[in-house]
Amino acid sequence: MRLLLVEDNDRLAQFVVKGLSDAGFTVDWVGRLEEAGAAVATATFDAIVLDLGMPDGDGGEWLKHRRASGDKVPVLVLTARAGTSDKVKGLNSGADDYLAKPFEMAELVARLKALLRRPGGALGLTLELGKLSFDSVHREASVAGRSLALSRSELTLLELLLRRAGRVVARRLLEEGLYGFDDEVGPNSLEAHVSRLRKKLDAADAGIQIHTLRGIGYLAGERAG
Amino acid sequence: MNQSLQFRLAWRLALVFSAVILATSFAVLLHRHGGNAEIPRDELSEALDRMAGGLSLGTDGKPRLDLPADPGFEYAVETPSGAPLFASAHPPVSAPAGWHEGFLRQGDRTVGFREVDSAAGKVELSAGIDVHGQDGWLSVLGSEFDEELLPVLLPTLLAALVIGALTLQDGLKPLLQIARAAAGITPAASERRLPSSDLPRELTALVAAINAALDRLDEGFRAQRDFTADAAHQLRTPLAILTAHLDTLGNRAEAAALRDDVARMSRLVEQLLQVAELEALTLKPEETTDLSALAVEVAEALAPLALARRRDIAVVGAEAPVLVHGNHDSLHQALRNLVENALNHTVEGTTVDIVVQARPPALSVRDRGPGVAAVDRDKLFQRFWRADRSNGRGAGLGLAIVQRIAAAHGAQVTLDDAAGGGARFTIAFRE
């Protein structure tokens, strides 16, 4: 997994490069937007980590130009400007996610993985969590090579949860995902689907826990221990 | 002195008018009866005519004079040789020798003389009118006032008072608008100014001066706000380096302790930024926020953290949208602060509830912790105050920020004991 880090602070960049390398990423680092332009022109990156305040220009403007020219590489923006309005500005310029300084490496890694797990992302084809592997092309879930017998709606549910593993998936989003199978959607059918999926995952010892957050949604994570 | 301008104007106008009335009356009197005043020839001639008409020869052959008991003048009738025939109580002097007709002044008295051939034969008539006597002075003044001055002056006086009052009332109307505008100038809306259009000239200078003073204050205020924001921003990159560096040190005990310290510093910097942002918070009239969506949003954002710390979050009552007039970002911040606070205090394995209420609109956050001691409740919303100073989390700004955000929305933050234990914070909006 190859990442481009665009960050002008040498010390911070060194630690981020080290942290991301430890997490299994290959990281190229540039300290100026000009160099960043040259880097994306010559190599293909799975994601870009972009600092907004660069010495030779505004990272947001740079990103806007990239997006205008059709570049779809997922971008996570880092900034010291952390007002909520700055956040909106970052996302408007075409950023896929936003992280305010200071941040913890684990958070940065988790966010990058979430970006890469999106459909079309570098990790989007095969989603992995715990001992479970989900092939999003053939829509097949397996644990240690053994395929799980899941219904179409359960597979949809599982994919939505896995793409945002470690984060909450709102009820509304899951219900919308299930509406394609309207014969199965009733007032409590989301709960029923999740409950059935949970049983099947537990039976297969998938190492996945689906947390219910009442009134909010669900969160899939690795089962501790 | 808090007397109204209207009252003062009316009072002064009344004084001026009274003075003018008195002066006018006095001038008239002086003109008529003063040292060089004319002799009242008409009155004296009339008196002499009446005397002449009242003379007759009685059946006994003696002259008679028919006059009322108090004819309004003093009189004397004499024969041409000077023998008195009739006289009043204080008769005027006789005509000087050789006078047949004429007038003269004698002290306070004017006297008219005439020699007539009456029915009672040839007689010398003299009539006197006292002009400077007390009676005459006042009665003349009174009659002048009643008959000539009052009908003109009184309506003029009333009209002047009414016009003065109306002019002032109309002229001071802009002051009410200015007062209303001034009430809207707050730290959050420090760029607003008093309206200076459609003002009477007298007020323009004052309003301009006040606006200039506000400009200077706003500048200082802005500088301070910007400084806080700049300082916080400048601290973020070094903190990021420190955090990243500590992350490379692994899970050694010293590193964990340092990580906690840095996390606390980072939180303080974040809160200082929130305060700076809050100072600049202005509610646009059309801004609305859905409390239900907000509750789910905040819960979504904090759920991973809660689960990692073996606590749960639930949202209750967010099935339908609950719209309030409010700023989304700042309300998000307020609710987030309350939920983070609740997560810090709720017991491991328990749930923090975010409750959305529609009528009246309100957001509540309840934890299942020890609750807040009654003695601490008043201090709870003060800046930098924490119940337990040994507890490392938070700088004590969170709840003060919540309260400021609520106040900017006209909402109330309250704290009570939740049923079944724990604390419950509520942001209650106006319907």
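At what angle do the axes of helix α6 (residues 152-163) of chain A and helix α7 (residues 171-178) of chain A cross? In this predicted model, the axes of these two helices cross at roughly 145° and come within 9 Å. The briefing below begins with the model and its two chains, then turns to the contact between chain A and chain B, to helix packing in each chain, and to a sheet and a buried helix of chain B.

**The model and its chains**

- The structure is a predicted model, and the predictor gives the complex an ipTM of 0.80 and a pTM of 0.65.
- For chain B, the mean pLDDT is 81, and 88% of the residues in this chain reach 70 or more.
- Chain A contains eight helices and 14 strands; chain B likewise has eight helices and 14 strands.
- Of the 225 residues in chain A, 36% are buried, while buried residues make up 27% of the 431 residues in chain B.
- When contacts in chain A between residues at least 6 apart in sequence are considered, 54% join residues at least 24 apart.
- In chain B, 63% of the contacts between residues at least 6 apart in sequence join residues at least 24 apart.

**Where chain A meets chain B**

- The two chains touch through 29 residues of chain A, which are in contact with 29 residues of chain B.
- On the side of chain A that touches chain B, two or more residues come from each of α1 (10-22), α4 (84-92), β12 (168-170), β13 (208-213) and β14 (217-222) of chain A.
- Helix α1(A) supplies the largest share of this side, with six residues.
- By class, the residues on this side of chain A comprise 13 nonpolar, nine polar and seven charged.

**Helix packing in chain A**

- Two packed helices are described by the angle between their axes and the distance between the axes.
- The crossing in which α6(A) passes α7(A) is right-handed.
- Helix α6(A) contributes A:Ser153, A:Thr156, A:Leu157 and A:Leu160 to the contact, and α7(A) contributes A:Leu173, A:Leu174, A:Gly177 and A:Leu178.
- Five of the residues in this contact of α6(A) with α7(A) are nonpolar and three are polar, with no charged residues.

**Helix packing in chain B**

- Helix α6 (residues 291-308) of chain B packs against α7(B) at an angle of about 40°, and their axes are 10 Å apart.
- The crossing of α6(B) and α7(B) is right-handed.
- From α6(B), the contact draws on B:Leu294, B:Ala295, B:Glu297, B:Val298, B:Leu302 and B:Ala306.
- From α7(B), the contact draws on B:Leu331, B:His332, B:Leu335, B:Arg336, B:Val339, B:Glu340 and B:Leu343.
- The contact of α6(B) with α7(B) has nine nonpolar residues, one polar residue and three charged residues.

**A five-stranded sheet in chain B**

- Five strands of chain B form an open sheet with antiparallel pairing, in the order β4-β3-β7-β6-β5.
- Strands β4 (84-87) and β5 (101-106) of chain B are the edges of the sheet, since each pairs on one side only.
- On average, neighbouring strands of this sheet are turned by 20° against each other, with direction ignored.
- Within the sheet, strand β6 (residues 109-118) of chain B and strand β7 (residues 121-130) of chain B pair in the antiparallel sense over 10 bridges.
- Opposite B:Val111 stands B:Gly128 in β7(B).
- Helix α2 (residues 41-54) of chain B lies across β3 (74-78), β5, β6 and β7 of chain B and runs at about 140° to β7(B).

**A buried helix in chain B**

- Helix α8 (residues 398-408) of chain B is mostly covered, with 10 of its 11 residues buried.
- Among the buried residues of α8(B) are B:Leu399, B:Ile401, B:Val402, B:Gln403 and B:Arg404.
- The elements that cover the buried residues of α8(B) include α5 (253-279), α7 (328-345), β13 (412-417) and β14 (423-428) of chain B.
- B:Gly398 belongs to helix α8 of chain B, and this residue counts as buried because it has 23 C-beta neighbours inside 10 Å, where 20 or more are required.
- Beyond its neighbours within four places in sequence, B:Gly398 is in contact with B:Gln271, B:Asn337, B:Glu340 and B:Asn341.
- B:Gly398 and B:Ala334 are 64 residues apart along the chain, yet their C-alpha atoms are separated by 8.1 Å.
- After α8(B) comes B:Gly410, which has a positive phi near 65°.

Definitions and conventions. Residues numbered from 1 in each chain as written. Chains lettered and ligands numbered in written order. Predicted model: local features only at pLDDT ≥ 70, side-chain atom pairs only at ≥ 80, totals over all residues. Contact = placed C-beta atoms within 7 Å. Helix = DSSP H or I, 4+ residues; strand = E, 2+ residues; numbered from the N terminus. Nonpolar A, V, L, I, M, F, W, Y, C, P; charged D, E, K, R; others polar. Buried ≥ 20, exposed ≤ 12 C-beta atoms within 10 Å, placed from the backbone. Axes fitted to C-alpha atoms, helices over the stretch in contact; angles between N-to-C directions. Left-handed = near helix turned anticlockwise from the far one by under 90°. Pairing = 2+ DSSP bridges. pLDDT = per-residue confidence, 0-100.
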